[in-house]
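Let's take a friendly walk through a protein model. Have a look at it first, then read on.

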Amino acid sequence: MLRATDASASYGEVAVFRDLSIEVDAGEVLAVIGPSGVGKTTLLRLLALSHEPDDGSVALDGTEAWAVDAAERLALRRRVGFVFQEANLFDASVARNVEYGLRVRRSWADRAGSLFGRSAPDAVHEALDVVGLADETGRHAASLSGGEAQRVSFARALAYEPDALLLDEPTSDLDPRNTAVIEEAIGEARDRGIGVALATHDMHQAERVADRVAVLLDEGITEVGPTERVFEDPADERTRKFISGELVY
Ligand SMILES: Nc1ncnc2c1ncn2[C@@H]1O[C@H](COP(=O)(O)OP(=O)(O)O)[C@@H](O)[C@H]1O
Ligand SMILES: [Mg+2]
């Protein structure tokens, strides 16, 4: 569904990865694991169609994002949700923050006032319910704990009903309880048919939530496959060293 093919990414002179290929399918959770600084965030930005590859392509349902004009690329980009490592909420209520995602989407998908047959308040409530915050719609964003704020960020991305949802270390600053809520919500997104890509340095999290794992090391993606197989029987020696902790960065 969302696919990077032979993609290379850099920031000016700094090359991050070369000739990288990866696909996220509808209704799966793909974890991208790898050490800090290896390019996980850059890979997610590439898949979010917000970082242009130097070489290669990124396509959503077969449409190459960098081969079409800016308006068409924007329409593609709006089918992809993104949750950042740090919640970035507006100075407004929980409900307003979630509604924002709907407004962005409705502006092009459905100008009739309902989204996929639901009213906006229903969609907001339903998304907040997934992260256990349906009773907190009136609270002000500033009064939320870091974990609650991140759950609202997730609900905002989910309410939008994206085809793909990209999560950049969404629980790295959270306590176990909030982490568990987000992990459950990831499963719910998958069950709704969304293709989820999760960047994490937490291998245990990948084991808990992912259907497939891609291992990103300095050399690029050394291995990608079903989670259990990658962790228990990695085919690549570098992957094995990374997973066993022998490869220290
Ligand atoms: N905006 C940027 N400008 C220049 N270099 C960057 C920028 N963002 C990231 N980098 C560099 O690109 C590499 C990959 O970064 P990143 O994708 O954030 O890795 P990860 O998410 O795996 O920690 C790192 O060496 C980082 O320093
Ligand atoms: Mg990162």
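Here is a short report on the ligand, the domains and a pair of helices.

## Ground rules

This is a predicted model, where local features need pLDDT of at least 70, side-chain atom pairs count only at pLDDT 80 or more, and totals for chains, interfaces and linings use all residues. Residues are numbered from 1 along each chain as its sequence is written, while chains are lettered from A and ligands numbered from 1 in the order in which they are written.

## Around the ligand

Ligand 1 is surrounded by Tyr 11, Val 14, Val 16, Gly 34, Ser 36, Gly 37, Val 38, Gly 39, Lys 40, Thr 41 and Thr 42 (near means a C-beta atom, placed from the backbone, within 6 Å). Two elements each give two or more residues to this shell: β2 (14–24) and α1 (40–47). The top contributor is α1, with three residues. Helices (H or I, at least four residues) and strands (E, at least two) are DSSP runs, numbered from the N terminus.

## Two domains

The protein splits into domain 1 (1–79 + 162–249) and domain 2 (87–161), with bounds from an automatic or database domain assignment. Their contact takes 14 residues from domain 1 and 15 residues from domain 2 (in contact means C-beta atoms, placed from the backbone, within 7 Å). On the domain 1 side, helix α6 (residues 176–191) gives the most, with six residues.

## A helix pair

Helix α5 (residues 146–159) packs against α6 at an angle of about 10°, with axes 10 Å apart. So α5 is roughly parallel to α6 (angles under 35 degrees count as that). Axes are lines fitted to C-alpha atoms, for helices over the stretch in contact, and angles run from 0 to 180 degrees between N-to-C directions.

Conventions. Contact = placed C-beta atoms within 7 Å. Parallel < 35°, antiparallel > 145°, perpendicular 65-115°, else oblique.
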